[in-house]
Each structure stands twice: as C-alpha cells, then as structure tokens.
Amino acid sequence: MATNLKNLSDYNPDDIPSGEGMKIGIVLAEWNTEITHALLEGTVRSLTKHGVNEADILIEHVPGTFELPLGAQLIMESGDLDAVICLGCVIQGETRHFDFICQGVTQGITELNLKYKRPFIFGVLTTDTLQQAKDRAGGKHGNKGVEAAITALKMVDISKKH
Ligand code: DLZ
C-alpha cells in the first residue's frame with residue numbers, strides 16, 4: 001500500500017497556513033467507530049493546533065461512509081463553512097459493498113468540490129483489514145485525520161487566493 005512509504009502525520013509545520021478565522025465542518029461516519037473516532041481526534045487536534053477556534057468546528061455524524069457526501073452537503077449549506085472534512089473507514093469484506101461504497105463516496109466528494117468550489121476533503125480509509133485501518137488511525141503509519149486537517153488548511157488558503 002502506498003502509505004507504507006509515507007507517515008500520514010508527517011508534515012512541515014512551517015508550510016501550513018494559519019487556520020485563524022476559518023470555519024471547518026467535519027462529517028463522521030458511524031461505521032468502524034473505533035477508527036473514525038481516532039480520525040476525528042487527529043483532525044480536531046491538528047486544526048486547533050494550527051489556529052482554528054474550537055467553536056468554529058462543526059461536527060455532524062452520518063450512519064456510514066456512503067452517507068458522507070450528503071452529510072457534507074447539508075452542513076455546507078447550513079453554515080458558511082470554508083471547508084468540510086469527510087471522515088470514514090471502509091474495510092474490505094467478502095461482499096461487493098466495499099467497491100460500491102468506495103466508488104460512491106469518491107465520486108460524491110469529488111462532485112461536491114467542483115459544485116461548491118470549496119474544499120471537501122477525502123479523509124476516508126479504504127483498507128483490506130482492521131489492522132491496516134488501525135495503523136492509519138494513530139498507529140504506525142500516522143493518522144489520516146491529521147493529513148485531512150492539513151489538506152483542508154492548505155486548500156482553504158489556496159481557495160481564498162483565487
Ligand atoms: C453496508 C456497509 C458495509 C458492508 N461496510 C461499511 C464499512 O466498512 N464502512 C462504512 O463506513 N460503511 C459500511 N457500510 C454502510 C454504508 O456506508 C451505508 O451506511 C449503508 O449502505 C446504507 O446506505
């Protein structure tokens with residue numbers, strides 16, 4: 001897997017724009033909660049570390065990863081958010097569900113970026129096993145929630161320049 005080569009929590013703090021004044025939404029899937037709550041912790045910790053006020057972080061829960069795009073659209077429309085971070089975890093099972101959910105959420109989040117011209121961040125783990133997900137939710141490969149937060153800060157900064 002590509003993330004074997006990169007720790008998801010590694011970045012240069014000097015390159016990160018300040019999040020002061022930014023309003024960020026987070027949508028969190030309830031499936032595999034042990035993982036998604038660890039992603040949430042990494043996301044919120046990184047946003048606040050870089051200046052986002054906790055009161056400016058809006059969190060919404062949805063049943064599963066498939067529901068992330070609609071949840072993200074709803075919170076974008078209910079508040080004037082600079083970005084929405086989508087957090088989920090899909091673990092390969094023995095059914096085709098994995099492929100359908102991954103395809104649906106990827107397409108859905110892509111469309112939201114283009115429709116709203118604001119960043120909707122793909123903080124979704126798609127792994128073969130629970131252990132691989134744990135490794136990427138605060139384990140040996142870092143935390144995808146951190147990566148998602150840093151991506152949001154960078155993309156909001158870019159979108160404000162154009
Ligand atoms: C149905 C399903 C399955 C099999 N696996 C996962 C998963 O690994 N991770 C996840 O976030 N959600 C899963 N779901 C639920 C779907 O995302 C969705 O909530 C249901 O299909 C209802 O639309």
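In this predicted model, the ligand sits in the largest pocket. A pocket here is an open set of points, on a 1 Å grid over the protein atoms alone, with protein on both sides within 12 Å along at least five of seven lines; a molecule sits in one if more than half of its atoms lie within 2 Å of its grid points. Local features need pLDDT of at least 70 and side-chain atom pairs count only at pLDDT 80 or more, while totals for chains, interfaces and linings use all residues. Residues are numbered from 1 along each chain as its sequence is written, and side-chain values use heavy atoms, leaving out hydrogens and water.

Strand S3 (83-91) and helix H3 (97-116) are the elements that give two or more residues to the shell around the ligand, taking strands as DSSP runs of E with at least two residues and helices as runs of H or I with at least four, numbered from the N terminus. S3 provides the largest share, 3 residues. Residues around the ligand include Trp31, Glu67 and His97, each having a heavy atom within 4 Å of the molecule.

A polar backbone atom of cysteine 89 is 2.8 Å from a ligand nitrogen. Ligand oxygen atoms lie 3.1 Å from a polar backbone atom of phenylalanine 66 and 3.2 Å from a backbone N or O atom of isoleucine 91. Of the 490 Å² of accessible area that the ligand has on its own, the protein covers 73% (Shrake-Rupley method, 1.4 Å probe).

Methods
A polar contact is a pair of N or O atoms within 3.5 Å; within protein, one must be able to donate a hydrogen and the other to accept it, and residues adjacent in sequence count only if both atoms are side-chain atoms. On a 1 Å grid over the protein atoms alone, a cavity is a set of points where a 1.4 Å probe fits but cannot get out, and a pocket is an open set with protein on both sides within 12 Å along at least five of seven lines; lining residues have an atom within 4 Å of a point.
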